[in-house]
Amino acid sequence: MKRYAPSLCIAASIAFLYFIRPELGRQAALKSASAMIEMLRVVPPVFLLLGLFDVWVPRQTIIRLMGERSGALGTILSITLGAAAAGPLYAAFPVAAAMAKKGAKFANIAVFLGAWSTLKIPMFLFETSSLGAVFAVSRWLINVPGIIVIGYLLEKFLGPEDKTRIYSYEGEHLNQA
Amino acid sequence: MSFTVSLYVATSLLYVISFIRNRASTVQAFTKAKKSFLNILPDFLAVLGIIGLAFTLVSPNKIGAITGERSGILGSLLTSVIGSVTLIPGFIAFPLAKSLLDMGASIRNIALFVSTLMMVGCVTFPLESRYFGRKAALLRNVMAYIYSFFVAFLLGVIVK
């Protein structure tokens, strides 16, 4: 129950906003509700699929494909998986954490997050129709080396203790903080 | 909507197949999924509430007014901050970016806005650090923020 305190605070702020500026408060409530529906469209199936992934995919497979010694294959795979995704970035966090748990290299996880955030193909199509092909294609191409560099720098900057924390991710750990 | 339906249908199908192949493992998978979802749900709800609040207080019109009217370094900085703190779905963000462009915003600022919007997430930061630790989340966002300026600079040169 204590962990719901922040959500309750925000709900209270929206209620407060409703009292001082009814129109804004109403909008905030509606927008939060629509953000919640957006979340429910993607996140529960993602967790259900992660459950299957956890049970069925052997650790060895992920280590081979995306682990420490996966090399360029691991990076390309991370980019492909991230770019093929749809849905907001927050849905990528549990996926990345599940990959980490199965032995994926940290840089690859960061590359996957980067690709999901900015290389998503559905987004790219939208971007092309709004801002033009030159803009969308250039931005996509400039981002590919960028997310790889960011991924490897992250790997370099983080100490072993930071990585252990990520690699040992289990649902239970979320209860402690 | 169709994407959501296919995602749910595909997930159910996989569970049926999994259940036929191994009952115990499938129950285990479902239990894990349920537990990890419920574990992170409080954080999700808080973040979604903040998105609703932020999106109301910083409406697309206001974003347009700020990024469209200001130019120079201050305009760029402001644009990058707005892109970083807001979380707008693509189907609103791109048409908004297009209208800003039509209103006379520079390609550089549009690129900065789109890039920070997608790569930097201040609102989702609590969620990200819950999974990856504060240090990793902070570093990723800071580097993505810096890289956005590089992207914006290059796009300003390339796109005419």
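**A helix pair and its surroundings**

Guide: In this predicted model, helix H5 (residues 92-101) of chain A packs against helix H6 (residues 106-118) of chain A at an angle of about 160 degrees, and their axes lie 10 Å apart. Because an angle over 145 degrees counts as roughly antiparallel, H5(A) is described as roughly antiparallel to H6(A). The crossing in which H5(A) passes H6(A) is right-handed. On the side of H5(A), the residues that meet the partner helix are A:Ala92, A:Phe93, A:Val95, A:Ala96, A:Met99 and A:Ala100, and on the side of H6(A) they are A:Ile109, A:Phe112, A:Leu113 and A:Trp116. Sorted by class, this contact of H5(A) with H6(A) comprises ten nonpolar residues, with no polar and no charged ones.

The C-alpha trace of chain A spans about 60 × 45 × 30 Å along its principal axes, and of the 177 residues in chain A, 50% are buried. Among the contacts in chain A with a separation of 6 or more, 73% are between residues 24 or more positions apart. Chain A is divided into domain 1 (1-41) and domain 2 (57-176), and the centres of these two domains of chain A, taken over C-alpha atoms, are separated by 31 Å.

The crossing of H2(A) and H1(B) is left-handed. The residues that make this contact include A:Leu40, A:Pro44, A:Leu48 and A:Trp56 of H2(A), together with B:Leu7, B:Tyr8, B:Leu14 and B:Arg21 of H1(B). By class, the residues of the contact of H2(A) with H1(B) divide into twelve nonpolar, four polar and two charged.

Helix H1 of chain B also holds B:Val9, which is partly exposed, with a relative accessible area of 44%. From C-alpha to C-alpha, B:Val9 and B:Ala24 are 22 Å apart in space, while in sequence they are 15 residues apart. Chain B itself is divided into domain 1 (1-40) and domain 2 (58-158), and 35 Å separate the centres of these two domains of chain B, taken over C-alpha atoms.

Further along chain B, B:Ser115 is found in helix H6 (residues 107-119), and B:Ser115 is buried, with a relative accessible area of 0%. Leaving aside residues up to four places away in sequence, B:Ser115 touches A:Arg139 of the other chain as well as B:Val120, B:Ser148 and B:Val151. In helix H7 (residues 125-132) of chain B, seven of the eight residues are buried, so this helix is largely enclosed by the rest of the structure. The buried residues of H7(B) are B:Phe125, B:Leu127, B:Glu128, B:Ser129, B:Arg130, B:Tyr131 and B:Phe132. After H7(B) comes B:Gly133, whose phi is positive, near 90 degrees.

Key. Residues are numbered from 1 along each chain as its sequence is written. Chains are lettered from A and ligands numbered from 1 in the order in which they are written. This is a predicted model: local features need pLDDT of at least 70, side-chain atom pairs count only at pLDDT 80 or more; totals for chains, interfaces and linings use all residues. Side-chain values use heavy atoms; hydrogens and water are left out. A crossing is left-handed if the near helix is turned anticlockwise from the far one by less than a right angle, and right-handed if clockwise. Helices (H or I, at least four residues) and strands (E, at least two) are DSSP runs, numbered from the N terminus. Contact means heavy atoms within 4.5 Å. Ala, Val, Leu, Ile, Met, Phe, Trp, Tyr, Cys and Pro count as nonpolar, Asp, Glu, Lys and Arg as charged, and the others, Gly among them, as polar. Domain bounds come from an automatic or database domain assignment. Buried means under 20% relative accessible area, exposed over 50%, partly exposed in between (1.4 Å probe, protein chains only). Axes are lines fitted to C-alpha atoms, for helices over the stretch in contact, and angles run from 0 to 180 degrees between N-to-C directions. Angles under 35 degrees count as roughly parallel, over 145 as roughly antiparallel, 65 to 115 as roughly perpendicular and the rest as oblique.
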